[in-house]
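Morning, everyone. I have one structure to show today. Let me put it up.

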Amino acid sequence: MASNGSVNPSSMKIPEIKFTKLFINGQFVDAISGKTFETIDPRNGEAVAKVAEGDKEDVDLAVKAARQAFDHGPWPRMSGHARGRIMLKLAELVEQHAEELAALDTIDGGKLYSWGKTLDIPGAASNIRYYAGAADKIHGDTLKMSRDLQGYTLLEPVGVVGHIIPWNFPTNMFFMKVAPSLAVGCTMVVKPAEQTPLSALFYAHLSKLAGIPDGVINVITGFGPTAGAAIASHMDIDKLSFTGSTEVGRLVMQAAATSNLKQVSLELGGKSPVLIFDDADVDVAADLALRGIVYNKGEICVAGSRVFVQEGIHDAVVKKLAEKAKNWVVGDPFDPTVNQGPQVDKKQFDKILSYIEHGKREGANLLCGGNRHGEKGYFIQPTIFTEVEDHMLIAREEIFGPVMSLMKFKTIEEAIARANDTQYGLAAGIVTKNIDIANTVSRSIRAGVIWINCYFAFDLDCPYGGYKMSGFGRDLGMQALYKYTHVKAVVTPIYNSPWL
Ligand code: ADP
């Protein structure tokens, strides 16, 4: 689709769909019920493939395989070095299939093919390599005990992990969770989102080719309230790692609490502020703010959806934003000249449009966008509201789409207070050349990552996760390894003390 909404057939590449079944104990199998569900191409709303619909009984089988692989299999017992070597092979295979994998994420999730091929898939391979390198460097501490004792700690794999992942970054999310848990020696059941199951099944296939033993990685495709809920409440899963909405995060935590008290880590929603101060370069600031909300169609938990601009620069930034938004091309995600593809599905598309209508009704000023793009598929125009007030729904709730709420502020203290006035705490952006402002604001914002004069500056070595209702636990970096390990203390007397 070009920016005028017309379809360019030459750009529509649909790869052959090779894997559509559940992956349990190293085999692709049908769901026990025999049920399947359709995965939909958001460019046109048409079905791409029928995928096995896993449910509780299938989760039981997958957990059994993972349990066996953990309790008796080679993966947790082999040296970290040996695990790392197999993971390096997996990274190589992922990279070799970059084009096919990127195409799967495009037809499933509406993601830009060119970015998938050059960023998401190679980034996933780097992620695997990062943790492959860490696999033989996971060790505890020597303790300095206060009595005549010596002691040390061991970091041991937590056991069978349930990974429940969302649809906005099907590849990155898969490996953000799978790679560190593999490195420490865990086994796992992964449930990709129902909107984007295809690349996860391909990764299951590649894991087998790489030599990861059967039962270590199991992939159950299916729906949240059935397959997802069965994972969250399973008595034989030791750890649940969830990324998704705050609403579902609460449900999975409840399920963990009322089953076996499995450990939980949650990476949830956000309503991240971007604060632009008077001394900022207008062009740089407008560029950062626009990309902060339209990147990946706004379908990213750290989207900079609340933009606060200091009064001296406010009007100039608004003018620049309007110009830049006009040049942001919405269309077929296979077309390399396009900046933004369709939203992932009809449900998200409708939800975003309804927030936009809400913003109009609440009296915010619609600077640009505000409608669907084209007549087919789930495309939405980049939308910017100015003169937004903090209490408005569009300024408070996570929209998860290309919709910015822009507000004016006077003082630093005011900006900090308003930026923190949210239930979320995932990320924040600061645009200033003043080091005092940058330092003061970065220490005052309650959020897991602060980007100064940049945005979406993700790095494998940079931990990622939330404060407040954005969740807890950290993905990425060496921190992620601790999510998947227990600390065991081992203590022994140095010599026989009578009081021991
Ligand atoms: P979104 O609202 O953005 O689609 P969700 O939080 O609903 O995000 O989905 C994230 C992941 O959580 C998906 O894999 C989905 O299937 C799963 N999920 C949804 N509902 C439940 C549930 N009740 N229990 C466990 N997992 C769920």
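Some ground rules. This is a predicted model: local features need pLDDT of at least 70, side-chain atom pairs count only at pLDDT 80 or more, and totals for chains, interfaces and linings use all residues. Residues are numbered from 1 along each chain as its sequence is written, and side-chain values use heavy atoms, with hydrogens and water left out.

So, the domains. Domain 1 covers 22-268 + 473-486, and domain 2 covers 273-459. Those bounds come from an automatic or database domain assignment. The two centres, taken over C-alpha atoms, are 31 Å apart.

Now the interface. On the domain 1 side, 26 residues are in contact with 28 residues of domain 2; contact means heavy atoms within 4.5 Å. The two domains bury about 2200 Å² between them, with 64% of it on carbon and sulfur atoms. Buried area is the accessible area (1.4 Å probe) that two parts lose on being put together, summed over both. Which residues of domain 1 lose the most area to domain 2? Arg43, Leu112 and Trp167, together 27% of what that side buries.

Arg43 comes back here. Its side chain meets that of Asp332 in a salt bridge, 3.4 Å from N to O. The rule is a side-chain nitrogen of Lys or Arg within 4 Å of a carboxyl oxygen of Asp or Glu. It finds one such bridge across this interface.

Helices next; these are DSSP runs of H or I, at least four residues, numbered from the N terminus. H3 (98-109) and H4 (113-134) each supply at least two residues of the domain 1 side. H3 gives the most, with five residues.

How confident is the model? pLDDT is the predictor's confidence in each residue, from 0 to 100. The chain mean is 95, and 97% of residues reach 70 or more. Over residues 1-10, though, pLDDT is below 50.

Last, the whole structure. The search finds 27 salt bridges. One of them pairs Lys177 with Asp475, closest N and O atoms 3.4 Å apart. Lys177 lies in helix H5 and Asp475 in the loop between strand E21 and helix H15, so the pair ties together parts 298 residues apart in sequence. Strands are DSSP runs of E, at least two residues.
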